[in-house]
Amino acid sequence: MRLMITLPAMVLASPALAAEGFDGKGLSFWWALPFAGLLLCIATGPVLYHRTWEHHYGKITALWAALIILPLVLFKGAGVALEAVLHTMLLEYMSFIILLFALFTVAGGILVTGNLRGTPAVNTGLLAIGTALASVVGTTGASMILIRPIIRANDNRRHNVHVVIFFIFLVSNIGGSLTPLGDPPLFLGFLRGVDFFWTTSHMFGEFLFLSIALLVIFYIWDTVLHAKDDKLPPLPDKTPDRGIKLYGTVNFALLGAIIVMILISASWKPGVSIRFPGGAVELQNLMRDSALVLIALISLKITPKPVRSGNEFSWGPILEVAKLFAGIFICMIPVLAMLKAGKDGAFAPLVALVSNPDGSPNNVAYFWLTGTLSSFLDNAPTYLVFFELAGGDPKVLMTQGALTLAAISCGAVFMGANSYIGNAPNFMVYAIAKDMGVKMPSFFGYMVWSVGILIPLFIAVTFIFFR
């Protein structure tokens with residue numbers, strides 16, 4: 001089954017159509033239905049009707065996008081529709097897919113082979129490494145690199161499901177919270193003007209608390225189960241212990257080059273742009289995207305083919321996400337316009353829900369509402385919805401609104417771990433583990449784990465950081 005992958009993603013540099021005469025004040029909820037319908041299909045398709053979804057997701061996505069474009073042409077005019085689509089696809093979508101392509105290609109060229117014995121100390125160490133790595137190569141990249149080694153390390157144990165569960169919690173979600181490269185919502189915020197290292201400084205406390213708490217819980221849990229395994233007759237080891245080897249290490253340098261190019265594009269402002277109907281492409285962004293494509297091509301050229309084969313590397317996942325997010329970007333055009341309208345728009349009740357009686361932001365509501373939706377919908381567009389509800393001005397949100405932005409960011413990143421579909425790497429890890437013989441829980445079985453372990457920790461985060 002092809003798997004959705006959302007590495008640093010959802011690039012929405014400015015509210016689509018806000019400057020193009022598409023006034024969100026006059027729009028009804030009907031304009032948001034295609035966006036909601038597409039997200040619902042993405043959430044349920046891989047689980048409830050995976051065969052149909054696998055073969056027709058591109059057509060389904062195109063249908064939802066058409067339900068936005070055609071009404072735009074009919075009710076707003078061909079000119080507004082053209083400018084809207086060009087603005088969204090050239091300024092927002094292209095940057096998204098190019099960065100995704102670069103990170104996916106480079107991370108796919110790093111291969112870990114060999115096998116360790118899955119003791120509590122080794123497992124905890126691997127989880128800690130993956131958690132730290134996720135903010136550098138993205139949650140998907142870190143998951144791709146480490147999931148097979150950690151499963152091989154525990155394939156001779158009767159109790160190994162918890163290892164994969166905690167891997168999803170830490171490596172596939174919480175670990176991506178320290179940089180915009182870690183998780184799609186944070187990269188979205190970066191490209192909307194949030195400083196690259198803002199997340200590092202403002203989310204570090206929450207990240208550290210959850211990471212340490214989960215690693216301690218895991219170590220105790222794994223120690224108990226490891227002792228039970230030792231009392232039973234040993235199972236045959238499918239992958240005997242052998243030394244760990246790392247291949248494709250040159251790709252770490254290329255990952256560094258990606259980070260450098262992103263930082264340069266954020267600091268270098270030559271004031272040169274290329275205009276088109278609906279907006280203008282700034283020179284620094286054009287140079288960044290061109291450099292990212294070049295870096296990806298270099299990785300393809302210099303990485304030996306056996307290395308990518310060892311990772312079961314294919315273009316299927318990135319083709320899937322390219323199609324899905326093309327539809328998401330288009331379907332979000334009227335949603336963003338309505339959110340931009342604030343209290344005068346169709347989402348006024350949602351604005352009231354995240355506001356205190358005196359008009360100040362309710363950070364607890366921002367954290368839990370963002371997180372709840374991120375548990376079942378893609379966390380990148382969910383982040384954007386609440387980013388806009390909070391005002392959408394990155395300079396304000398980074399300063400006097402810092403706690404609100406932190407609440408939105410933490411909710412989107414952390415609570416993606418609540419279900420298999422909360423964040424794309426979750427389902428990827430589930431599929432790989434199941435294929436390798438781990439008896440993974442069902443969709444709702446997994447949520448028993450997440451509700452029992454994560455929700456109490458998220459309540460603690462609420463009282464420690466957002467009250």
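Trainee: What length does helix 9 reach from its first C-alpha to its last?
Mentor: In this predicted model, helix 9 covers residues 250-267 and has 18 residues. At 1.5 Å a residue, a span of 26 Å is expected. The helix comes close to that expectation, reaching 26 Å.

Trainee: Within what arc do the buried residues of helix 9 fall?
Mentor: The buried residues of helix 9 are N251, L254, L255, I258, I262 and S265. Viewed down the helix axis, these residues line one face, because they fall within an arc of 110°.

Trainee: Is T131 buried or exposed?
Mentor: T131 lies in helix 4. Leaving aside residues up to four places away in sequence, T131 touches L170, V171, G175, F207 and S211. Its relative accessible area is 4%, and the limit for burial is under 20%, so T131 is buried.

Trainee: Which residue in the hairpin of strand 3 and strand 4 takes a positive phi?
Mentor: Strand 3 (residues 273-276) pairs with strand 4 (residues 279-282) in the antiparallel sense over 4 bridges, and S273 stands opposite E282. The hairpin has 2 residues between the strands. The residue with a positive phi, near 110°, is G278.

Key
Residues are numbered from 1 along each chain as its sequence is written. This is a predicted model: local features need pLDDT of at least 70, side-chain atom pairs count only at pLDDT 80 or more; totals for chains, interfaces and linings use all residues. Side-chain values use heavy atoms; hydrogens and water are left out. The expected span of a helix is 1.5 Å times one less than its number of residues. Buried means under 20% relative accessible area, exposed over 50%, partly exposed in between (1.4 Å probe, protein chains only). The arc is that of the directions from the helix axis to the C-beta atoms. Contact means heavy atoms within 4.5 Å. Two strands pair if DSSP finds at least two bridges between them.
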